[in-house]
Amino acid sequence: MYFMFKLSMDSLSSKDLMWVFMLLLVQICGSKGCIEEEKMGLLEFKAFLKLTDENADFLLPSWIDNNISECCNWERVICSPTTGRVEKLFLNHIRQHQLLLAYYGLNYYENDKLWLLNVSIFLHFKELYHLDLSENSFDGFIGNEGFKGLSSLKKLEILDISGNAFDKSLIKSLSALTSLKTLVLRNIELGGSFPIQELASLQNLEMLDLSNNHLESFQLVQDTQPTKYSNIN
């Protein structure tokens, strides 16, 4: 058996040997698992749902607090396969299943209930690249910082807060998120004149989606970087 293995290894080129070594390394080391601090951060969001009288176990059934549950395999969570850190969180329309049950009369649900967003929950995720919080009926914040509290997340490039009930006061706090490249503010009931000068600090911004609002004009500022707008109504 050793002779057969030695013969087959001798017949491999150096390039083939390199690939064999890499495959063995992947099998031995495997991909990184979820970081414990980030797992606790995700469970903190689930606890937040419970504090708002939501059936969190129904809404996020795979988010289980035990020693064997791998949070990189949880629904709505995407981790880096190399570092194990959370890179994307799709927490959009988090109550859709419960709303569906209420629609069919299978349980009671207060459709117009609004939430206050606790942005500090997301500070655990140092490598977070994409955060989707759309369609959740958020209408304010716990604390007065707004989205300014996320300014330490230097990798955050995509933020979607569409379909919530924030007012214009949130715009100024968004200016602290200087790493953003895509900002989606679709259907958040903005009206009148949009204070675009308050986003002048977002020098990396490539896409600003203000569609399905009721805007009439923009308050421009001189020397603002050109920004792409998508379907402005």
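Is Glu38 buried or exposed? Glu38 counts as buried, because its relative accessibility is 0%. Buried stands for under 20% relative accessible area, exposed for over 50%, and partly exposed for what lies in between (1.4 Å probe, protein chains only). Here are some notes to read alongside the structure.

1. Some background comes before the details. This is a predicted model, in which local features need pLDDT of at least 70 and side-chain atom pairs count only at pLDDT 80 or more, while totals for chains, interfaces and linings use all residues. Residues are numbered from 1 along each chain as its sequence is written, and side-chain values use heavy atoms, with hydrogens and water left out.

2. Now to the charged pairs. Side chains of opposite charge can pair when their charged atoms come close. A salt bridge is defined here as a side-chain nitrogen of Lys or Arg within 4 Å of a carboxyl oxygen of Asp or Glu. By this rule the count is four salt bridges.

3. Glu38 has Arg85 as a salt-bridge partner, with 3.1 Å between the closest N and O atoms. This pair links distant parts of the chain, 47 residues apart: Glu38 sits in helix α3 (residues 36-51), and Arg85 in the loop between β1 (77-79) and β2 (86-90). Helices (H or I, at least four residues) and strands (E, at least two) are DSSP runs, numbered from the N terminus. Arg85 counts as partly exposed because its relative accessibility is 24%.

4. Next, look at Lys155 and Glu127. They form a salt bridge whose closest N and O atoms are 2.7 Å apart. Here too the pair links distant parts of the chain, 28 residues apart, with Lys155 in the loop between β5 (138-141) and β6 (158-160) and Glu127 in the loop between β3 (115-117) and β4 (130-132). Lys155 is partly exposed at 40% relative accessibility, and Glu127 is partly exposed at 29%.

5. Glu157 and Lys181 also meet in a salt bridge through their side chains (3.9 Å, N to O). Because Glu157 is in the loop between β5 and β6 and Lys181 in the loop between α6 (169-174) and β7 (182-184), the pair ties together parts 24 residues apart in sequence. Glu157 is partly exposed at 22% relative accessibility, and Lys181 is partly exposed with a relative accessible area of 31%.

6. Finally, find Leu205 in the loop between β8 (191-194) and β9 (207-209). With 7% relative accessibility, Leu205 counts as buried.
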